[in-house]
Every structure is written in C-alpha cells, then in structure tokens.
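Colleague: Please pick one part of this model and take me through it closely. Keep it brisk, and spell out your cut-offs as you go.

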Amino acid sequence: MSWQQNLITDADGITALLAATRRIAVLGIKPESHADQPAHYVPAALARAGYAIVPVPAYFPEVTTILGQPVFRKLAEVPGTLDLVDVFRLPSALAGHLDDLLAARPKAVWLQSGIRHDGFAEALARAGIAVVQDRCLMVEQQRRGARPALP
C-alpha cells in the first residue's frame, strides 16, 4: 500500500474513518474557560455525540480536567488505543508534535479547519497513520450523523 492512500481527502474515506472511531484525543484542546473557542466547543460537541474524548492541551498547565476527563500532557502518555487525534495547533507548531504522535501510534490524525501541512501529513502517512487536513471534525460528524464505533 502506498503512503498516499493514508491521506484521506474524499467523503467516503471520511465516512469510513468516522465509522471506525470511538476514542479521540484532542491535541490543543482548551478548557471550559474558553468555551466560545473551537478548540473547546468542537470536542464538547463530539463528547455529546458519544465519542470518548481524551484532553491533551498545549497550554493551561494548571488545568487537570477538561470535559470531565483527566488531562494528559503528551499523546504518548495516554493509555490504550487512540482511534483519532484531533489537532488544534497552528501549522508552524505541528513539527514539535510529530515525535509524540509517532510514539502514540493513533490510527488517524485530523487537522482541523485552516490547518494544513503537507510535509507533516506525509510523515504521518508514511508511518501508516491516516491523515485528514483542513476540515472540521464536528461539521463532518454532524453532516453524517456519525456516532462512535461499538467496542
């Protein structure tokens, strides 16, 4: 299989990815004090839809829980399997998370709307990790009425 097949750009690929997803780590999530920002309300909407959310904030060192879940500071420290990592970080900050993502070995990485970095996406895809770039996970989930995969 070519690494390019891990770059998901079509509706069918997104539908299949959402159908296989149950547990989502959110890199760059913001706490409830920032409820009006996408990095909080998107994961909150996904939690309401039934997905298990694992908060991995880039800032807010004083925060220990977000959306009622314990905070992790690195993706590689999250126990268990991650189906998807939803990323709320500027393209210029992505390279600093590459080693952590590769160590965590999620099945997929989703770069939110406005976030695109082809070199970063290629590195993940070459490692066998599916990648979606520059799309809103909440919008795509709601468009499809997707719910978490059964255990």
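Modeller: Ile 24 has Leu 84 as its bridge partner in strand S5. Helices (H or I, at least four residues) and strands (E, at least two) are DSSP runs, numbered from the N terminus. This is a predicted model, in which local features need pLDDT of at least 70 and side-chain atom pairs count only at pLDDT 80 or more, while totals for chains, interfaces and linings use all residues. Residues are numbered from 1 along each chain as its sequence is written, and side-chain values use heavy atoms, with hydrogens and water left out.

Now the pairing. Strand S1 covers residues 23–27 and runs parallel to S5, with four bridges between them. Two strands count as paired if DSSP finds at least two bridges between them. Val 26 has its S5 bridge partner in Asp 86. Asp 86 also has a bridge partner in S6, namely Trp 110. The chain gets from S5 to S6 through helix H3 (residues 98–104), and this β-α-β crossover is right-handed. Right-handed means that, with the strands pointing away from the viewer, the path from the first strand over the helix to the second runs clockwise. Strand S6 spans residues 108–111 and pairs with S5 in the parallel sense, over four bridges.

How do the S5 side chains point? Leu 84 and Asp 86 go one way from S5 (residues 84–87), and Val 85 and Val 87 go the other way. All of these are buried. Buried means under 20% relative accessible area, exposed over 50%, and partly exposed in between (1.4 Å probe, protein chains only).

Back to S1. Four of the five residues in S1 are buried, so the strand is mostly covered. S1 also pairs with strand S2 (residues 52–56): they run parallel and are joined by five bridges. Val 26 has Pro 55 as its bridge partner in S2.

Glu 77 sits between strand S4 (69–70) and S5. Its relative accessibility is 49%, so Glu 77 counts as partly exposed.

Most residues other than glycine have a negative phi. Leu 67 has a positive phi, near 55 degrees. Leu 67 lies in the loop between strand S3 (65–66) and S4, and at 24% relative accessibility it is partly exposed. Asp 134 also has a positive phi, about 55 degrees, and is not a glycine. Asp 134 lies in the loop between strand S7 (130–132) and H5. At 38% relative accessibility, Asp 134 is partly exposed.

Helix H1 (residues 11–19) and helix H5 (residues 137–144) pack at about 90 degrees, with axes 11 Å apart. Axes are lines fitted to C-alpha atoms, for helices over the stretch in contact, and angles run from 0 to 180 degrees between N-to-C directions. H1 and H5 are therefore roughly perpendicular. Angles of 65 to 115 degrees count as roughly perpendicular, under 35 as roughly parallel, over 145 as roughly antiparallel, and the rest as oblique.
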